[in-house]
Amino acid sequence: MPNAWIIDVLNDLRVFAEQNGLPGLADQLDDTVIVAASELAAQANSRRDGSLEYASKSRGSYTAAAAGDNA
């Protein structure tokens, strides 16, 4: 997944927010990680087979897709 580094950056920001008493921002960044992983997975699927195929809407699928391609 090209550009998967953005997931790491967003996770770093989320951890910073949690550690510095910014729970609302941490929650928002958690949601942002899910959106980013979904869109990156959709781009990767589009490049692979020429069609736009969206990932499952479950949070676990987004995390697995991001972690699997970013490891």
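Tutor: Let's start with W5, which sits in helix α1. Keep in mind that this is a predicted model.

Student: Is W5 buried or exposed?

Tutor: W5 is exposed, because its relative accessible area is 51% and the cut-off for exposed is over 50%.

Student: Which residues make a nonpolar surface patch with W5?

Tutor: V9 and L13 do; together with W5 they make a patch of about 290 Å².

Student: Let me step back. How many helices and strands are in the chain?

Tutor: There are 3 helices and 0 strands. Reading from the N terminus, the order is α-α-α.

Student: And how confident is the predictor in the chain, going by mean pLDDT?

Tutor: The chain has a mean pLDDT of 78, with 65% of the residues reaching 70 or more.

Student: OK, on to the inside. Which residues form the largest nonpolar core?

Tutor: There are 9 of them: I7, L10, A17, A26, L29, V33, A36, A37 and L40. Both α1 and α2, the latter spanning 23–49, supply at least two residues each. The largest share, 6 residues, comes from α2.

Student: Tell me about R14, then. Which helix is R14 in?

Tutor: R14 is in helix α1, which covers residues 5–19. Apart from residues up to four places away in sequence, R14 touches A26, L29 and D30.

Student: Does R14 count as buried or exposed?

Tutor: Buried: R14 has 18% relative accessibility, and the cut-off for buried is under 20%.

Student: What does R14 form a salt bridge with?

Tutor: The partner is E18, and the closest N and O atoms are 3.0 Å apart. The structure holds 1 salt bridge. As a general point, side chains of opposite charge can pair when their charged atoms come close.

Student: How are R14 and E18 placed along helix α1?

Tutor: They are 4 residues apart in helix α1, so about one helical turn separates R14 and E18.

Student: And how accessible is E18?

Tutor: E18 counts as partly exposed, at 47% relative accessibility, whereas R14 counts as buried at 18%.

Student: New topic: N11. Where is N11?

Tutor: N11 is also a residue of helix α1. With a relative accessible area of 23%, N11 is partly exposed.

Student: How far apart are N11 and L29?

Tutor: In sequence they are 18 residues apart, and in space 7.5 Å, going from C-alpha to C-alpha.

Student: What about contacts across the chain: what share join residues at least 24 apart?

Tutor: That share is 58%, taken among contacts between residues at least 6 apart in sequence.

Student: Last one: what share of the residues count as buried?

Tutor: Of the 71 residues in the chain, 27% count as buried. The accessible surface comes to about 4,600 Å², and carbon and sulfur atoms account for 54% of that area.

Conventions: Residues are numbered from 1 along each chain as its sequence is written. This is a predicted model: local features need pLDDT of at least 70, side-chain atom pairs count only at pLDDT 80 or more; totals for chains, interfaces and linings use all residues. Side-chain values use heavy atoms; hydrogens and water are left out. Buried means under 20% relative accessible area, exposed over 50%, partly exposed in between (1.4 Å probe, protein chains only). Contact means heavy atoms within 4.5 Å. pLDDT is the predictor's confidence in each residue, from 0 to 100. Accessible areas come from the Shrake-Rupley method with a 1.4 Å probe; for residues, only the protein chains shown count as cover. A nonpolar core is a set of buried Ala, Val, Leu, Ile, Met, Phe, Trp, Tyr and Cys residues joined through side-chain atoms within 4.5 Å. Patches are made of residues with over 30% relative accessible area and no salt bridge: like charges are joined within 9 Å, nonpolar side chains (Val, Leu, Ile, Met, Phe, Trp, Tyr) within 5 Å. A salt bridge is a side-chain nitrogen of Lys or Arg within 4 Å of a carboxyl oxygen of Asp or Glu.
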